[in-house]
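Hi there,

Here is the structure I promised to pass on to you. Please open it next to this email, and then read on for what turned up in it.

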Amino acid sequence: MEMHEFYMKKVLELAKAGWGRTNPNPLVGAIIVKNGEIVAEGYHEMPGGPHAEVAAFSNAGSCVRGGTLYVNLEPCSHYGRTPPCAERIIKEGISKVVMAMEDPNPKVAGRGRKLLQAAGVETVTGVLEQEAVKLNEIFVKYITCKRPFVIMKTAMTLDGKIASACGDSKWISGESSRQQVHSIRDRVSAIMVGVNTVMTDNPSLTTRINGKTGKDPVRIIVDSKGVIPVNSQVINIQSSAGVIIATTSAIEIEKEKQLADKGVRILKLDGPDGHVDLKKLMDELYLSEIDSVLLEGGGGLNAAALNSGIVDKLMIFVAAKIIGGKNSKTPVEGEGIPLMKDAIKLENIEVNRFDEDILIEGYVKGETCLQES
């Protein structure tokens, strides 16, 4: 098993090369080992492109018959954008396939493994499974729940403020933290903010990574009444990524036309009390193959997102600063939860350091589509 874990760690690192470029497909790497040596490797680069196993076969410099294939996700057994990988593995004469996890899609899980076994290929499953599931947490949520994976990111001071009483918020976190956020923007399909953030900060919501070109996510603005200024930077900045305004029937027809003329996609999603129905928004995003959303909202949108149950993961940057003020903005506003026993709880907590800032990451306990059904 130690040998299997050694090669699987390499596979997981290889799969990361596709970060932000394979959506809504999973991150997959593959290595072929023969006579104790790695003879080929490959990873999935883009939707419609070769799967990792096929890429590895294409990169093989010699015959792979009798070799062992290491892959972090069960080889597919169905025709999609590309032919089944399991059939190609059998054709190439691979004698053993070691995988980290089964395909999370309930409709196909285990079928690739069974197809290989029926052809006489030895299979091993579950090697570094937890690491593999975390690597593809976006894909797992998207394929099993048919909704995007939502990450709520916020930066606050030690005393829990995201802006001073007069609204100043630049900059709470340091440059290292901000670069980490841009690397997350580079990986997800969409970024979402509320219209108040647009009107206060006039952000571009693009990806800016030191030393390399980043991929801009689709920009989503939650704007219940359609009051976003047409000259907002997020609408007018040059970017290949589109803009979606999530609004309600309260938007004026003329404003809707002005936004549409600028190429903005309008989604009218009436919810309670005149607000945007965030669950319906997630359904619409799924249908558009948007598998992940980075929520960088203010306290109001964050509260609405948590209350609606759409948030999967939180990333909270804490800066070693104190500003005080009873009227200073906090990360989550709204009515609040009356009793401590009913508080939203996080699990699987991780803590990391970015210079003077601390990043706390955790997952919303119990928020899974499997528990809802």
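Helix α2 (residues 52-59) is mostly covered, with six of its eight residues buried. Buried stands for under 20% relative accessible area, exposed for over 50%, and partly exposed for anything in between (1.4 Å probe, protein chains only). Helices (H or I, at least four residues) and strands (E, at least two) are DSSP runs, numbered from the N terminus.

Before going further, please keep in mind that this is a predicted model: local features need pLDDT of at least 70, side-chain atom pairs count only at pLDDT 80 or more, and totals for chains, interfaces and linings use all residues. Residues are numbered from 1 along each chain as its sequence is written, and side-chain values use heavy atoms, with hydrogens and water left out.

Which residues of α2 are buried? They are Ala-52, Glu-53, Val-54, Ala-55, Ala-56 and Phe-57. Their cover includes β1 (29-34), β2 (37-43), β3 (68-73) and α3 (85-92).

**A strand with two partners**

Next, have a look at strand β14 (residues 357-364). Six of its eight residues are buried, so β14 is largely enclosed by the rest of the structure. β14 pairs in the antiparallel sense with strand β12 (residues 313-319) over six bridges, and there Ile-316 stands opposite Ile-360. Two strands count as paired if DSSP finds at least two bridges between them. β14 also pairs in the antiparallel sense with strand β13 (residues 346-354), over seven bridges; here Asn-352 has Leu-359 as its bridge partner. β13 and β14 form a hairpin with two residues between them, and Asp-355 in the turn has a positive phi of about 55 degrees.

**Two cores**

A nonpolar core is a set of buried Ala, Val, Leu, Ile, Met, Phe, Trp, Tyr and Cys residues joined through side-chain atoms within 4.5 Å. The largest has 44 residues, of which Met-192, Leu-278, Leu-281, Leu-285, Leu-295 and Val-311 touch the most other members. A second, separate core of 38 residues includes Met-8, Leu-14, Ala-52 and Val-71.

**A residue in a loop**

Finally, find Ile-162, in the loop between β6 (149-157) and α7 (175-187). Is Ile-162 buried or exposed? Ile-162 is buried, because its relative accessible area is 15%. Not counting residues up to four places away in sequence, Ile-162 touches several others (contact means heavy atoms within 4.5 Å), among them Thr-154, Ile-172, Gly-298 and Pro-331.

Enjoy exploring!
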